[in-house]
Amino acid sequence: MALSGVVPQDRGELRIHESLDELSTDLADYIAELSEASVKERGVFSIALSGGSLIGLMGKLCEAPYNRTVDWAKWYIFWADERVVAKNHTDSNYKLAKDGLLSKVPIIPSHVHSINDAVSAEEAASEYEFVIRQLVKTRMVSVSEVSDCPKFDLILLGMGPDGHVASLFPNHAVLNEKSEWVTFITDSPKPPPERITFTLPVINSASNVAVVVAGEAKSEAVHLAIDDVEPDCPKLPAGMVQPMTGKLVWFLDKGAASKLDGNQFYKS
């Protein structure tokens, strides 16, 4: 039985699951429904992925019925963040997604937009932003009505125990980046150090953002990001994910949700 609720201050929707299997099924349903709606409305589905455990939790999309019912040819795939390593490197988010998802469904290869892994982090970020700008011009990616940012149909994010999302880490200068769509870091507190990442304005311009978190080790960060905490407490990056006109959904397992204030949930 899933528990669901609304985040304080209209911050989004919470979906709390008894097991990872239940979470994975709900996540697959959610992605498939958004894909169908976007393809019906726009003819395409623009989705940005992250790394970590997220890809494994998306695994049910490779199975029936989704592998047959999802219109994979209409998907345009991006990464909300990427490690600046070779595409066949074990740290590559592209490799993780290719091995765990993209190679198992009929995605059109030219619709998969990964970074240039042969240049510096700064150059990779600049080139990636250019690619996205071209796709915004042709409306393969929508444009936000309230900012000049791209409006992805869905951005999928994981979260670290420190509350980072994409490669936006606590107290890092890139949290304040307002003008760039894609930026870079060379001093990630978590290896590898060189990364590119969507900026907060891009994440918060999406039509839909899902933050997917599992495990008790992340429960304190989930609590700090979602619940009302002391105003003097600096916001975690995950708590700064607040779509301007889009919808935010948190997918949590029991462990990740274990420190949340309990009175905001109801059985669905």
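Leaving aside its neighbours within four places in sequence, which residues is Asp81 in contact with? In this predicted model, the list runs from Leu49, Ser50 and Gly51 through Asn93, Ala166 and Ser167 to Arg195, Ile196 and Thr197. Asp81 itself sits in strand 5, which covers residues 81-83. With a relative accessibility of 4%, Asp81 counts as buried, because buried means under 20%. Lys104, in turn, is 23 residues from Asp81 in sequence, and their C-alpha atoms are 22 Å apart in space.

Let us move on to Glu180. Look for Glu180 in the loop that joins strand 8 (154-157) and strand 9 (182-185). Its relative accessibility is 35%, so Glu180 counts as partly exposed. Once neighbours within four places in sequence are set aside, Glu180 is in contact with Glu129 and Thr199. Between Glu180 and Phe198 there are 18 residues of sequence separation and 8.5 Å of space, C-alpha to C-alpha.

Phe198 also leads us to the largest nonpolar core, which has 89 residues. Phe198, Ile31, Trp250 and Leu252 are the members that touch the most others there. Helix 1 (residues 20-42) gives the most to this core, contributing eight residues. To explore around Ile31, again leaving aside neighbours within four places in sequence, find its contacts Phe45, Ile47, Met58, Leu61 and Trp75, together with Leu154 and Leu156.

Conventions
Residues are numbered from 1 along each chain as its sequence is written. This is a predicted model: local features need pLDDT of at least 70, side-chain atom pairs count only at pLDDT 80 or more; totals for chains, interfaces and linings use all residues. Side-chain values use heavy atoms; hydrogens and water are left out. Helices (H or I, at least four residues) and strands (E, at least two) are DSSP runs, numbered from the N terminus. Buried means under 20% relative accessible area, exposed over 50%, partly exposed in between (1.4 Å probe, protein chains only). Contact means heavy atoms within 4.5 Å. A nonpolar core is a set of buried Ala, Val, Leu, Ile, Met, Phe, Trp, Tyr and Cys residues joined through side-chain atoms within 4.5 Å.
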